[in-house]
Amino acid sequence: MTGRLVDIETRIATVDKLASVISAMRGIAAARAQEARRHVDSIRIYAETIGEAIGHALSFVPQSDLRLAQDGTEGRRAIILIAAEQGFAGGYSERVFDAAKPLMSDAHDLFLVGERGLLVAEEREHPVHSSVAMIGQAQQATALATQLAETVFDALALGRVTQVCVVHAMPNRSQTAQIIVRHLVPFDYSRFPPPASGIAPLITLPPETLLARLVEEYVFSELAEAVMLAFSAENEARMRAMIAAHESVTDTLDALVSTSWRLRQEEITEEIVELSTGAMTVDS
């Protein structure tokens, strides 16, 4: 009896430590998700500013040139898929791959973000053109977005692809993350209305060069937003997974404590019986 009680108490101590680790992981994930949401607001303000500049720049470029720039609709596609970098996030990466599945049948290149995504790609036998680590902190989003933008424009310049889209998760506090597909190239100029003021701005660059640089900057902002949203969604998924794990560990801990109480009570009862039996033997 004593040996079994010692084993149960050892397990209680181990499970209690595990519960503390899970609580810490949940807290870290929650803090990172909240920080990412704050950064998303700043990125969107930046994108709006670039979008207004594109609206102004469009007034200098003939519409025929814009239609020519959008002729790559039927070409080869590249997918930037943003998966999880770390584990303990449930089926997060699998859901991103599920959303991208209809696009992968005719995709030319798969650019993968996130170490866990490589495992899913290997399991599903999806060839990966290149991969890069997902960010671990919100401050790293700018560097990753810059790297992805360079990859996109290099592939376009080499003629490898004519279409580019990014697949990533959106944070959703009430349920599992929502997966969205954002088309980056061909660039949709119709999103940017002409300026309300009719006053043409002064420019120092050729209109085509100015517009091309603004488009590159806007694509960068879209990638930065996608990375930050995915980072927030990954941490929210991890937070939900840790909540479920904590509930399971708590149930296990409660069961172990109840078992230890029962064993301790049985041990006390045995000792009382032994003492009583010994006393009766002495009296006789």
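**Reading charged and aromatic pairs**

Tutor: Let's start with Glu-234, which is buried at a relative accessible area of 2%. Keep in mind that this is a predicted model.

Student: Which side chain meets Glu-234 in a salt bridge?

Tutor: The general idea is that side chains of opposite charge can pair when their charged atoms come close. Here Glu-234 meets Arg-238, with 2.8 Å from N to O. Both lie in helix H6, 4 residues apart, or about one turn of the helix. Arg-238 also counts as buried, at 6% relative accessibility.

Student: How many salt bridges does the structure hold?

Tutor: There are 8. One of them joins Arg-160 and Asp-109, at 2.8 Å from N to O. Arg-160 sits in the loop between helix H5 and strand E4 while Asp-109 is in strand E2, so this pair ties together parts 51 residues apart in sequence. Arg-160 is partly exposed at 26%, whereas Asp-109 is buried at 3%.

Student: And how should I read aromatic pairs? How many does the search find?

Tutor: A search of the whole structure finds 4. For each, look at the ring centres and the angle between planes: Phe-187 and Tyr-189 have centres 5.2 Å apart and planes at 70 degrees, so they are edge-to-face. Phe-187 also pairs edge-to-face with Tyr-218, at 5.9 Å and 85 degrees. Phe-187 is in the loop between strand E5 and helix H6, and Tyr-218 is in helix H6, so the pair ties together parts 31 residues apart in sequence.

Student: What lies over the face of Phe-187?

Tutor: That is Arg-191, at 4.9 Å from the ring centre.

Terms used:
Residues are numbered from 1 along each chain as its sequence is written. This is a predicted model: local features need pLDDT of at least 70, side-chain atom pairs count only at pLDDT 80 or more; totals for chains, interfaces and linings use all residues. Side-chain values use heavy atoms; hydrogens and water are left out. Rings of Phe, Tyr and Trp (its six-membered ring) pair if their centres lie within 6.5 Å; planes under 30 degrees apart count as stacked, over 60 as edge-to-face and the rest as tilted. Helices (H or I, at least four residues) and strands (E, at least two) are DSSP runs, numbered from the N terminus. A charge sits over a ring if NZ of Lys or CZ of Arg is within 6 Å of the ring centre and within 35 degrees of the ring normal. A salt bridge is a side-chain nitrogen of Lys or Arg within 4 Å of a carboxyl oxygen of Asp or Glu. Buried means under 20% relative accessible area, exposed over 50%, partly exposed in between (1.4 Å probe, protein chains only).
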